[in-house]
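This report walks through selected parts of a structure. Keep the sequence and the model in view while reading.

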Amino acid sequence: MSRYKDLQKNLFGGTTSNARQFGMIFTLVAIVVLFQILTDGLTLRSDNLIALFQQNSYILILAIGMLMVIVAGHIDLSVGSVAAFTGILVAKAMFEWSLPWPLAILFGLAIGAAIGAWQGFWVAYIGVPAFIVTLAGMLLFRGGNQFIGNANTIPVPEGFRVIGSGFLPEVGPNTGYNNLTLLLGLAACVAVVWREFQARKTRHAMDADPAPMWISVLRMAVMVGVIVFVTLRFASGRVGTSFPVSGIILVALMLAYSFYTRNTAGGRHIYAVGGNSRAAELSGVKLKRVNFFVMMNMSTLAALAGMIFVARSAASGPQDGNGWELDAIAAVFIGGAAVSGGIGTISGSIVGGLVMAVLNNGLQLLGVGTDRVQIIKGLVLLLAVALDVYNKSQGRFSIIGSLTRNFRRDPPGSSPSPAASTADREPATTAPS
Amino acid sequence: MSDVPILLEMRGITKEFPGVKALSDVNLVVRTGEIHAICGENGAGKSTLMKVLSGVYPYGSYQGEIRYQGAETRFSDIRASEQAGIVIIHQELALIPNMSITENIFLGNEPRRRGAIDWKGANRMALDLMARVGLQEDPDTLVKDIGVGKQQLVEIAKAFAKDVKLLILDEPTAALNEADSQHLLDLLRGFRSRGITSIMISHKLNEIEAIADQITILRDGRTVETLDVKADGVDEDRIVRGMVGRELSSRFPDHTPNIGEVFFEVRDWNVRHPISAERQVCKNESFVVRRGEIVGFAGLMGAGRTELAMSVFGRSYGVYESGTIIKDGKEIVLKSVADAIAHGLAYVSEDRKAIGLNLLDDIKASTVAAKLSKISRHGVLDEVAEYKAAEGYRRELRTKAPTVDESVSKLSGGNQQKVVLAKWMFTDPDLLILDEPTRGIDVGAKYEIYAIIQRLADQGKGVVVISSELPELIGLCDRIYTVFEGAITGEIARKDADPETLMKQMTSTKRMQTA
C-alpha cells in the first residue's frame, strides 16, 4: 500500500476512534482557516477566541445533553425555557432571599433535575412522545419564567458571575502568558500522546494492525500543534483574561460524557434503546429507566447552561434562552447524529456546535447582519445533512459518517441512510409502487 | 421446453462491492410462462441478482447484459423495470397497514378521473384483481386487519394492477402457514396456465420441487447449473447437492442425548393478552425441561407458543395472571428480562431483525449486548474483553464475516442468527428458548445451527425449540409438547413423534401423553 493510501485509510477509513477524531478536527479546521482568511486574521485573535468560547459554551453544554436525547430516539424542545426558568429562580434566590452563590448553583441544578424528572416521567412511564412533553414544557417554563420574574430583569451577584464570565487567575512567575492556561494546554498535549499509545495498545490486543507509526506520529503532531496554538492564543490575551471558566466546565463535561457514552454500560444502553428499543428490552435493558435518565439529564444540563448564561449577562431576563433548543439540535445533527436515533457522538456534536459558532462569529466579524446570518445558518444545516444523506445513498465517503459512532467503510448500495439500515428493505422503501 | 420463447436472459452478470464480488458471471434464462426457481444458500447472490434485474442496482453499476422480450434493456431504477412489467414481491411486504386493500393495490398507481382519484372505479377494479388472486375480503378492509397470507395476496394483486409480465417472489411462503402456502402455490400454477412467468426464490425445497419447471442454482455468486425439473428428475436431495456442492448425508447431525434431571419447571401458567384483557393466551400450561434435553414446542401459527415463551422470559409479553416457575428445586420470580437473564434464561426471538438485534450495531457490540456486566468493571466497558468474547464466538460458530467490526445488518440470515445465538450463549444460560431458530436460513446453515443446539444440550443446558417445521422438531428434539389455542395438548416422546400424531395434537384439545 502506498503512503498516500495509508494516509487516506487512516484519516477517513480507519476504525480506530482516533482516526475519527482526526477527521472531525480536520473539518472544523478547514472552516476556521476559511474565516481566518476572509476576516484578515480577526477570527483567531485572542479576544475573539475567548469571546467565541464564552458566547457558545452554554449551547455546547446543551448539545451534550441533546445528543443523548436524540440518540435515545427523542427530542427536547424545552431546553431554552428550562434554562430561563432556572435562571430566574436562581437569580431571585440570591437577590431576594440572599442565598449564597455556591448554594444557589446547587439549587439551580436541583431545579433542573426536578424539571427533568417531571418530563422524564411523562416520556418514560406514561409514554407521551418527548416532542409533545417538551413542547408543553417549552410553553410551561417560559411562562413560568415570566410569571416568577414578572417579566423583569433580576441582577446576580459578583461571585456567581464567575461561572459565566470568569477566567483562570494569574498565578506563578510572570511569563507573559497566563500560567494556568499553559498548564492546561500541557496536560492536554500529554493526554493526546497518552491516548494515541493507549489506542495502539488496544488495537494490538485486538489482533488488528495498528496504523503505521508515522501516521500516529503525524496525527499526534497535528493535534499537539493545534492544542499549542490554541493554548498560546488563550494564554496571551489581554491581562486578566485567559481560558474562560465556562470553557473549563464545558471541557470537563465533554470529557465525562464522552467517556460515559462510549465506555460504560449505561452509555451503551442509550444507543441500544435508540437503535432498536424492543431488542434492547429483550436484552435486559431497562427501557423506562434509560428514557427517564436522558430526559432528566438534559434538563439538568439545561439548568446549568441557563445559570452560565445568567452569570455571563449578569442578570436573568424574560427572553433568556430563546431559540436555544434549535441551536442545540442543529449542532447535534450537523455532528452526524441520526434523526431516527441510535447514532451520534458527543465529540461530533461539539464539533457541529463549533462549526455553527465559528460561522456565526465569522459572519458577524464580516459585518453580515443577523437576518442574513440566520439564513446562512439554516442553509448550512440543511446542506450539511443533505450532502451527507446524498453521499451515503451514493455509497461515497460521507464526512458526517466519519463523525458518527458506527463508522465503517460501507459498500455502495447498502444502507442508504441510518434510518433504513436494513439492507433487505431497501428496495421496498425505494419502490415507487 | 426449448421451443418456448425466451422472456428474459441475463448474461455474464458481475456485480462487485468494494472487497466483495457478490455476483460473478451469472447467467439466467427464463422462458415465457414457466415457474423458474432460484436456489442457493444465503449469501449465494440470489437477492443481488434480483436487484440487478429490477433496476435497484441500475444499469452501469454491474457488468453483463440483460435481454428482456428479445431486446437489451438498461433499467435505470425500479420504476423502469415495473413499467416493463417486472414486479418483485419482497419477503417483507411493502404494504401500508393503515390503508385499505384498495388503497394499497393502487398505491402510486391510482386510477384518476379528471385529476381526482376515482375510488368507485378503483374499488371495482380491486374486486376484479382480488378475484384473480382468490382473495375474498371487503376491499375497504384495512390491511393490518387481515392475516399475513392475505396480505401476500394483496401484494400480488398490486402487481397485477401494474400489468405484470414477470412476477418475482422472494421467499413468498416464509411467513405463511401450510394452508396459505398451498393456496399461494396453486395460484402460481394458475398464473402459469395463463402464461404469466414467475421467478421464485425459496428455501422450502419441497415447494420448489412441487411447483418449479426450471431451477437455477447459485453458489458463492456463480451459476452452478440450471435443472429441468421434469426432464432431469430433480428431487430435494439433488437441489441440496447443487446448493452446498456436496452430499448432505443427513439434514440433522448425529446426536446421542445425555439427559439428566428435571431442573426447570413451569406450573399452571396463566397469561392474559396485553390489550384485550378478556383473552387468555396461556391457559394453565405446565411443562418441564431436563438438563441436556432438547424440548420441542409444536403448534400452528397463533397457538400461543411465542406468547408462552416470552411471558416466561421475564414477563416480556402479556399480563401475568398466575403460575410458578421452579428452577433447580426453588421457586423463582422473574418480573423483568433482567431477572430472567440473571436466573440463567435466554430467549432467542423468532424475528431477528425486528426484535433480536440492533441492526446499527457491529458483531462485537451485538455479542455482548445482553450481558455487558461480563465485560465491564464498575460499569466501565473493557474494549479488549469485548473483542475477545466476540471473536471467540465468531470462530466457534463459524460466523462468516471478515471481522467482528462488521455491521450485523450486512450479514446473511444464517450468520445473523449465529450472532444472536452468540449473544445469548454469552449470558451463560442454563435454559435457552429458541423461537423458530432456523426461519429464513438455508440448508447448510441450518445444519450448523442444529449442531450448535446439540452442543449446548451436551453441555448440560436445557434447550427449548419452538418451530413450525415438524420435520425439524422430530429430527432435533428429544421430547415434543403440542400447543393448541394457548393450552398444552400433548407431550410426545421422540420415538413416538411423527407428523401425523403431532398434527393431530396440534389441532385438538384432547390431551395425549407418551413421555
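## The seven-stranded sheet of chain B

In chain B, 7 strands make up an open sheet with mixed pairing, in the order β18-β21-β22-β15-β23-β24-β25. The model is predicted: local features need pLDDT of at least 70, side-chain atom pairs count only at pLDDT 80 or more, and totals for chains, interfaces and linings use all residues. Residues are numbered from 1 along each chain as its sequence is written, while chains are lettered from A and ligands numbered from 1 in the order in which they are written.

The edges belong to β18 (345-348) and β25 (512-513) of chain B; each has a single partner strand, so one side of each lacks a neighbour in the sheet. Strands here are DSSP runs of E, at least two residues, and helices are runs of H or I, at least four residues, numbered from the N terminus. Two strands pair if DSSP finds at least two bridges between them. Strands β21 (residues 431-435) and β22 (residues 462-466) of chain B run parallel, joined by 5 bridges. In that pair, B:Leu431 stands opposite B:Gly462 of β22(B).

Helix α18 (residues 499-506) of chain B packs on this sheet. Its contacts are β15 (294-299), β23 (479-484), β24 (487-493) and β25 of chain B, and its direction makes about 35° with that of β23(B). Contact means that two C-beta atoms, placed from the backbone, lie within 7 Å. Axes are lines fitted to C-alpha atoms, for helices over the stretch in contact; angles run from 0 to 180 degrees between N-to-C directions.

## The six-stranded sheet of chain B

Another open sheet in chain B has 6 strands, ordered β6-β9-β10-β3-β11-β12, and its pairing is mixed. Strands β6 and β12 (222-228) of chain B are at the edges with a single partner strand each, so one side of each has no neighbour in the sheet. From one strand to the next, the twist averages 20°.

Strands β3 (residues 35-39) and β11 (residues 214-219) of chain B pair in the parallel sense over 4 bridges. There, B:Cys39 has B:Ile217 of β11(B) as its bridge partner. Helix α1 (residues 46-54) of chain B packs on the sheet and touches β3, β6, β9, β10 (197-201) and β11 of chain B. The direction of α1(B) makes about 145° with that of β6(B).

Strand β6 (residues 86-89) of chain B is covered on both faces. B:Ile86 and B:Ile88 on one side, and B:Val87 and B:Ile89 on the other, are all buried. Buried means 20 or more other C-beta atoms within 10 Å of the residue's own, exposed means 12 or fewer, and partly exposed lies in between; C-beta atoms are placed from the backbone. β6(B) runs parallel to β9 (residues 166-170) of chain B, with 4 bridges joining them. B:Ile88 stands opposite B:Ile168 in β9(B).

Helix α5 (residues 148-161) of chain B is mostly covered, with 10 of its 14 residues buried. Among them are B:Leu153, B:Val154 and B:Ile156. Their cover includes β6, α3 (101-105), α4 (119-132), β9 and α6 (178-193) of chain B.

## A helix pair in chain A

In chain A, the axes of α4 (residues 79-95) and α14 (residues 324-334) come within 6 Å and cross at roughly 130°. A:Val79, A:Gly80 and A:Ala83 of α4(A) meet A:Trp324, A:Glu325 and A:Ala328 of α14(A).
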